[in-house]
Amino acid sequence: MLKAVALRYPDWADAPYISAKAKGRAAEYMLKIAEENDVPVVENADMAEVLSIQETGSFIPEETYAAIAAIFAFVMKVEKQNG
(Lines give C-alpha, C1' and ligand atoms only; values in the text may rest on other atoms or scores of the structure.)
Protein backbone atom coordinates (compact mmCIF):
# COMPACT_ATOMS: atom_id res chain seq x y z
CA MET A 1 0.00 0.00 0.00
CA LEU A 2 1.29 3.44 -0.96
CA LYS A 3 2.37 5.63 1.95
CA ALA A 4 3.27 9.30 1.85
CA VAL A 5 4.87 11.44 4.53
CA ALA A 6 5.39 15.21 4.39
CA LEU A 7 8.26 16.76 6.30
CA ARG A 8 8.96 20.32 7.35
CA TYR A 9 12.20 21.75 8.68
CA PRO A 10 11.62 25.34 9.78
CA ASP A 11 14.51 27.48 11.02
CA TRP A 12 13.38 27.23 14.64
CA ALA A 13 13.31 23.42 14.71
CA ASP A 14 16.11 21.19 15.94
CA ALA A 15 15.15 18.55 13.36
CA PRO A 16 12.59 17.99 10.61
CA TYR A 17 9.13 16.99 11.76
CA ILE A 18 6.27 15.08 10.22
CA SER A 19 3.68 17.59 9.04
CA ALA A 20 1.34 15.11 7.34
CA LYS A 21 1.06 11.45 6.47
CA ALA A 22 -1.36 9.26 4.55
CA LYS A 23 -1.75 5.83 3.01
CA GLY A 24 -3.64 4.36 0.08
CA ARG A 25 -5.90 6.72 -1.84
CA ALA A 26 -5.24 9.53 0.63
CA ALA A 27 -1.50 9.18 -0.09
CA GLU A 28 -2.21 9.37 -3.83
CA TYR A 29 -4.19 12.56 -3.24
CA MET A 30 -1.42 13.97 -1.05
CA LEU A 31 1.10 13.37 -3.86
CA LYS A 32 -1.23 14.95 -6.40
CA ILE A 33 -1.55 18.08 -4.27
CA ALA A 34 2.24 18.22 -3.86
CA GLU A 35 2.73 17.97 -7.62
CA GLU A 36 0.12 20.66 -8.34
CA ASN A 37 1.90 23.00 -5.90
CA ASP A 38 5.47 22.26 -7.07
CA VAL A 39 6.36 20.64 -3.75
CA PRO A 40 9.39 18.38 -4.21
CA VAL A 41 8.62 14.66 -3.88
CA VAL A 42 11.23 12.00 -3.23
CA GLU A 43 10.20 8.36 -3.55
CA ASN A 44 11.65 6.23 -0.78
CA ALA A 45 9.33 3.43 0.31
CA ASP A 46 11.57 2.30 3.17
CA MET A 47 11.74 5.78 4.68
CA ALA A 48 8.01 6.30 4.21
CA GLU A 49 7.42 3.04 6.07
CA VAL A 50 9.61 4.10 9.00
CA LEU A 51 8.18 7.62 9.21
CA SER A 52 4.56 6.58 8.75
CA ILE A 53 4.51 4.86 12.14
CA GLN A 54 5.49 8.12 13.86
CA GLU A 55 2.90 10.62 15.09
CA THR A 56 2.08 13.63 12.92
CA GLY A 57 3.79 16.63 14.49
CA SER A 58 6.64 14.60 15.94
CA PHE A 59 10.28 15.09 15.03
CA ILE A 60 11.83 12.43 12.83
CA PRO A 61 13.61 9.65 14.75
CA GLU A 62 17.33 10.21 15.33
CA GLU A 63 18.22 7.03 13.46
CA THR A 64 16.79 8.60 10.27
CA TYR A 65 18.81 11.84 10.45
CA ALA A 66 21.49 10.81 7.93
CA ALA A 67 19.00 9.48 5.38
CA ILE A 68 16.71 12.49 5.71
CA ALA A 69 19.68 14.88 5.45
CA ALA A 70 20.62 13.20 2.16
CA ILE A 71 17.04 13.63 0.92
CA PHE A 72 16.95 17.31 1.90
CA ALA A 73 20.35 17.85 0.21
CA PHE A 74 19.07 16.21 -2.97
CA VAL A 75 15.92 18.36 -2.97
CA MET A 76 17.95 21.54 -2.42
CA LYS A 77 20.31 20.59 -5.29
CA VAL A 78 17.40 19.97 -7.67
CA GLU A 79 15.70 23.22 -6.65
CA LYS A 80 18.94 25.15 -7.21
CA GLN A 81 19.39 23.58 -10.66
CA ASN A 82 15.82 24.44 -11.60
CA GLY A 83 16.40 28.00 -10.52
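User: What makes a residue count as buried here, and what share of the chain is that?

Analyst: Buried means under 20% relative accessible area, exposed over 50%, and partly exposed in between, with a 1.4 Å probe and protein chains only. By that cut-off, buried residues make up 27% of the 83 residues in the chain. Keep in mind that this is a predicted model, where local features need pLDDT of at least 70, side-chain atom pairs count only at pLDDT 80 or more, and totals for chains, interfaces and linings use all residues. Residues are numbered from 1 along each chain as its sequence is written, and side-chain values use heavy atoms, leaving out hydrogens and water.

User: How do you know how many helices and strands there are?

Analyst: They're DSSP runs, numbered from the N terminus: helices are H or I with at least four residues, strands E with at least two. That gives 3 helices and 2 strands, in the order β-β-α-α-α.

User: Why is the chain called as compact as a globular protein of its length?

Analyst: The globule rule is 2.2 Å times the number of residues to the power 0.38, and the radius of gyration is taken over C-alpha atoms. For 83 residues the rule gives 12 Å and the chain has 13 Å, which is close, so the label holds.

User: Which residues of helix H2 are buried, and what covers them?

Analyst: In H2 (residues 45-52) they are Met 47, Ala 48, Leu 51 and Ser 52. Their cover includes strand E1 (3-8), strand E2 (17-23) and helix H3 (65-81), going by contacts, meaning heavy atoms within 4.5 Å.
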